[in-house]
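Work through the exercises below with the sequence and the structure in view, and try each task before you read its solution.

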Amino acid sequence: MGKDRNSVLDIRNLSIEFATTRGRLKALRDVTLSVPPEKIVGLVGESGCGKSTVIFSIIHLLAENAVVTGGEIEFEGRDILKMSPNELRAIRGDRISMVFQDPMTSLNPVLSIDTQMTDIQYRANIDMEEKRNRAVEMLARVGIPDPRQRLANYPHHFSGGMRQRISIAMALLANPALLLADEPTTALDATLEAQIIHRLRQLQDMVHCSILFVSHHLGLIAELCDNVVVMYAGEVVEEGDVRDIFHRAAHPYTQALLECDPARIKEKTRHLPTIPGDIPDLVNLPAGCIFSNRCPQVFSKCRTTAPQRFEVEPGHFARCHLVTEGDVP
Amino acid sequence: MWIYLVKRILLATIIVITAVTLLYSMILAVPGDPVTVLLGPRSTPEMRDTLRAQMGLDKPFYYQIGHFLLNVLQGDLGMDVFSNRPVSTIVFEQLPHTIILILASIGWAILIGVPLGCYSAIHRNSFVDKLTGVFSVGTIAIPSFVIALYALLIFAVELQWLPAIGAGTGGTLVDRIRHLILPALAVGLGWVGYLSRLVRASMLEVLGENHIRTARAFGLPEHVVIFRYALKIAILPTIALLGVGIGYLLSAAVFAEIVFARPGIGKLIYESVMTRNYPIVMGSVLITTIFFVASTMISDIINAGLDPRIRENL
Amino acid sequence: MSEAVNRKMRTERSALYNLLSRLYHNPLGFFGLILVVIVVGSAIFADWIVPYDPIAINIRERLQGPSAKHLMGTDQLGRDVFSRIVMGSRIALKVALVSITLALSCGLVLGLIAGYGPPWLDKIIILIFDTIRSFPTIMFALAIVTLVGPSLETVILVVVITTIPVYGRIVRAQTQAIKNNEFILAERAMGANIIRILSLHMLPNIIGPLLIIASMDLPGVVTIEAGLSFLGVGVRPPTPSWGSVLNDGYSFIRNTPWLIVSGGIPLIITTLGFTFLGEALRDILDPKLRKDI
């Protein structure tokens, strides 16, 4: 990975702040990650770590009080942050598409699925009937039964799982180079989750797009993704191939996450491990490493100097003094 | 949807029936001989006898009410003993003038108010938005007859740009329109503010919802997002409240008709109040109330029709 | 016990101070407050402010425009318009206060009955409320006036009847919310009586919304009174209501514009002032109320 000229998406040193009543909240600091072509990259971290902010900054749909204070987002050779509203609109729903977290509220309640799915094809130079055919075909691919009849239905006629599939169908209709998935299965139950993930894999094979898959669920990431990016409190603390991360996690936070995953606990126990402490205040940032107040392997340098991104092994990066000092476990 | 329709119509009917009952019973709540109350001091004994016989005032109360209700349902609102013509005829003669005034007022209020509300929502906290906000509150608060009087004073009397009196009946279409401008302005001004506030609030709420974010994330052109995806939803609460606002319009129209000496229900009711002619007053109030109840009902039904969620939930 | 009372008093005092300072930062609300103070002040201190007797006739000085001698000119009977306007504020506020108080009380009682009483009574009361609300206000007012005859009392009667449904509904809604509250059910199971429940649980919840709605209602009440007086079926002459000044102004519109101008100004000040103030208060105290009515 790294500054791969062949990447679909290349985020370099992205920093974003939010203007709040308490002051400037440093939501993202020096975020660097990339998405190779036709690969699934998982973006994992706990709630509030900035995953959604990263996603929304890629299609530039941030809140009004967001300020980009540095960095670039390079997509297909152009910097998204420098694009005009018209250029952005050209890319959205065409080269980059998105599946949102909550299927119950992401679809327009007063327009039929037909309307919504044909509207997004407005760029295509084909007639309405053809647009409808493509919509029907995509609905069938995601597993909606009787798609042609159901085109006329409204979102509230579908269950949550079905709505999410419709959202995925819409996202893939555009034949994008990059699909952003913001925790698409969080609002669904486990069996549905498995089905949807399975289908995503199939569809990705078929459409040949890259996927940036955001989740806080490690098992999901392990199953679906080729690469993983781990975020903590607005920073990328580790990134690499999924096997490297899961077998040889370099950053203490990643290690702790893996330990805390209930699915990986080997023996029966009454005590579920947690990471003690809280995320630091992002308005008044502490000095040094952002994880220092909770790190089980913290030492003096951690509290004074912030660590830099370091290549632990080819393609595997971590931001930790332990790796730079040579003390890799 | 049909169940909703039936329920709603039933409710409206019950309210109208209660209204009739109320208006009629008020006569009997007043001390003194009902007939004298109804006809006032100017009436002659013959008139009083005619009315007494007509209304069956010697019969028990529930008979009177029932009799009256039946008559109302058949469109008979009683007779005006002064002119010897049916009340309903008198009222319906005047109704079209008022309706034209109201439609004209609504028309221009929508034309200006809705875009203003949309613009305010999209450009929140801009100068235009803040100015519109103050203007909206102001024009709804200030009584419509004050606006009407000032308009009359400034434009008709002092500047003499527009006519002050009447509806221009008997004149050309242009003439009639000229006579309509000031009254429609006075009646509609409050609504411009009202509508723009409503639309603004609705739009802001809708624009913040997730599905709008989805629409934008798919790169839909902004005008499609605003009008097809947002306004369609935002317009619902606006339409629902339009029905209620008709009440304001009716009151404003009454005053406008009096101030500008236009023919219509307002003028009719005013003159009847002066002559203590309660049957005409009652008839006018009844007709306008039915109008009001009907418009609230229609806007509720339209509301239900537009939103597929309501349509099927009942 | 007294320590708790002291603490409560202190928080109340600081709550008031807090309210006033937040109002200060809301420019429109503060402007409204100033206007309200002007109106209320002129009502209270009318006797001292008026330069002339509002009903004193002086034909020789009729229909004059504003001058040093008569700040707002004179009407067709030579009465000083400024004095009539100032005294008119007293009339307007008197009508408003009396009718709102009466309407609140009746609304409270009816709302309680509707909420706590038998369902059939509830349905009847609600039906009457809805029916009254379905009459266009001025029409209903005129109907009552035709029957009862024009006077100040009639105006108050009209206002009371047309505003009871608004207050009654709020009280009823609160009562219903309380009735089903599990907390209350528990208390009743323990034998607490109705009065205690009402005063402890319901009153604090409705006082806020009721007061805010009452203050926003006041301009409407003043408008009804002025409107009826303008039509000549409100207060009887020579009582100086703002509406009657407008009535005179309308009759003599070709002779002088000043009567209309002068009659409109206090109405504009009062309605704008109370509305701006009411909106600001509502935004400060309970932004949730934005959606209702």
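**Exercise 1: Around a helix of chain B**

Just after helix 4 of chain B, the residue B:Gly75 takes a positive phi of about 90 degrees. This is a predicted model, in which local features need pLDDT of at least 70 and side-chain atom pairs count only at pLDDT 80 or more, while totals for chains, interfaces and linings use all residues. Residues are numbered from 1 along each chain as its sequence is written, and chains are lettered from A and ligands numbered from 1 in the order in which they are written.

Task: find how far helix 4 of chain B reaches from its first C-alpha to its last, and state why B:Gly78 counts as buried.

Solution. Begin with the helix, remembering that helices (H or I, at least four residues) and strands (E, at least two) are DSSP runs, numbered from the N terminus. Helix 4 of chain B covers residues 61-73, which is 13 residues, and it reaches 18 Å, close to the 18 Å expected at 1.5 Å a residue; the expected span is 1.5 Å times one less than the number of residues.

Next, locate B:Gly78, which lies in the loop between helix 4 and strand 1 (79-80) of chain B. B:Gly78 counts as buried because it has 20 C-beta neighbours inside 10 Å; the rule calls a residue buried if 20 or more other C-beta atoms lie within 10 Å of its own, exposed if 12 or fewer, and partly exposed in between, with C-beta atoms placed from the backbone. Finally, B:Gly78 and B:Ser88 are 10 residues apart in sequence, and their C-alpha atoms are 7.5 Å apart in space.

**Exercise 2: Two strands of chain A**

Task: determine in which sense strand 1 and strand 2 of chain A pair, parallel or antiparallel.

Solution. Two strands pair if DSSP finds at least two bridges between them. Strand 1 (residues 9-20) and strand 2 (residues 23-35) of chain A pair in the antiparallel sense, over 9 bridges. As one example, A:Ala19 has A:Arg24 of strand 2 as its bridge partner. The two strands of chain A form a hairpin, with 2 residues between them.

**Exercise 3: Where chain C touches chain B**

Task: find which helix of chain C gives the most to the side of chain C that touches chain B.

Solution. The contact takes 38 residues from chain C and 40 residues from chain B. Several helices of chain C each supply at least two residues of its side, among them helix 5 (119-133) and helix 9 (194-231), but helix 6 of chain C gives the most, with 10 residues. Sorted by class, this side of chain C has 26 nonpolar, 9 polar and 3 charged residues, where Ala, Val, Leu, Ile, Met, Phe, Trp, Tyr, Cys and Pro count as nonpolar, Asp, Glu, Lys and Arg as charged, and the others, Gly among them, as polar.

**Exercise 4: Chain C and its confidence**

Task: find which element of chain C has the lowest mean pLDDT.

Solution. Chain C has 11 helices and 0 strands, and 46% of its 293 residues count as buried. The pLDDT, which is the predictor's confidence in each residue, from 0 to 100, averages 81 over chain C, and 83% of the residues score at least 70. Over residues 289-293 of chain C, pLDDT stays under 50. Where pLDDT is low, the predicted coordinates should not be read in detail.

Terms used
Two residues are in contact if their C-beta atoms, placed from the backbone, lie within 7 Å.
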